[in-house]
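Colleague: I am new to this structure and would like to learn how to read its core and its charged pairs. Could you take me through them?

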Amino acid sequence: QVQLVESGGGLVQAGGSLRLSCAASGRTFNLYTMGWFRQPPGKEREFVAAISWDPWRDTRTYYVDAVKGRFTISRDNAKNTVYLQMNSLKPEDTAVYYCAASRSYRGDYYQGEFYNYWGQGTQVTVSS
């Protein structure tokens, strides 16, 4: 099994920054893709970003258009941790952010069904 624990959420003013962290523990040896999703108040969960690392050590990142240029996803394999650096935050970024992990490195990374494990979520609130 794998456990994912998010941290780093909070309240920030528009234009500010936050860095979310997601620490994985347990059987982490082949978690090839890590992703971030968010669920705004009263809305469906949506894809934010993902980072995949295949057996040939090729790392790729993916972002939803709404966060391109503002958010950066990265991972530290030695620490089994993935990060989401969020800059220039907007009120519409307010949501519960979830970390997810997949044992696949190829597929529909923007779909929740692609992921095998989920964290409990961390609240991000951006005030105007």
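Predicted model: local features only at pLDDT ≥ 70, side-chain atom pairs only at ≥ 80, totals over all residues.

Colleague: Which residues have the most contacts inside the largest nonpolar core?

Modeller: In soluble globular proteins, nonpolar side chains tend to be buried together. Here the largest nonpolar core holds 27 residues, and L4, M34, W36, L84, M86 and Y97 have the most contacts inside it. At least two core residues come from each of β1, β3, β4, β5, β7, β8, β9 and β11. Another core, of six residues, lies apart from this one and includes F37, A50, F114 and Y115.

Colleague: What is Y97 in contact with, leaving aside its neighbours within four places in sequence?

Modeller: Its contacts include L20, W36, V48, F71, L84, M86 and V124, and also E6 and R38.

Colleague: How many salt bridges does a search of the whole structure find?

Modeller: Side chains of opposite charge can pair when their charged atoms come close. The search finds five salt bridges. In one of them D93 pairs with R38, with the closest N and O atoms 2.9 Å apart. D93 sits in the loop between β8 and β9 and R38 in strand β4, 55 residues apart.

Colleague: Are D93 and R38 buried or exposed?

Modeller: Both D93 and R38 are buried. D93 also meets R70 in a salt bridge, 2.8 Å from N to O. R70 is in the loop between β6 and β7, so this pair ties together parts 23 residues apart in sequence. Through shared partners, salt bridges join R38, E46, R70 and D93 into one network.

Definitions and conventions:
Residues numbered from 1 in each chain as written. Heavy atoms only, no water. Core = buried A, V, L, I, M, F, W, Y, C linked by side-chain atoms within 4.5 Å. Buried < 20%, exposed > 50% of the residue type's maximum accessible area, 1.4 Å probe, protein only. Helix = DSSP H or I, 4+ residues; strand = E, 2+ residues; numbered from the N terminus. Contact = heavy atoms within 4.5 Å. Salt bridge = Lys/Arg side-chain N within 4 Å of Asp/Glu carboxyl O.
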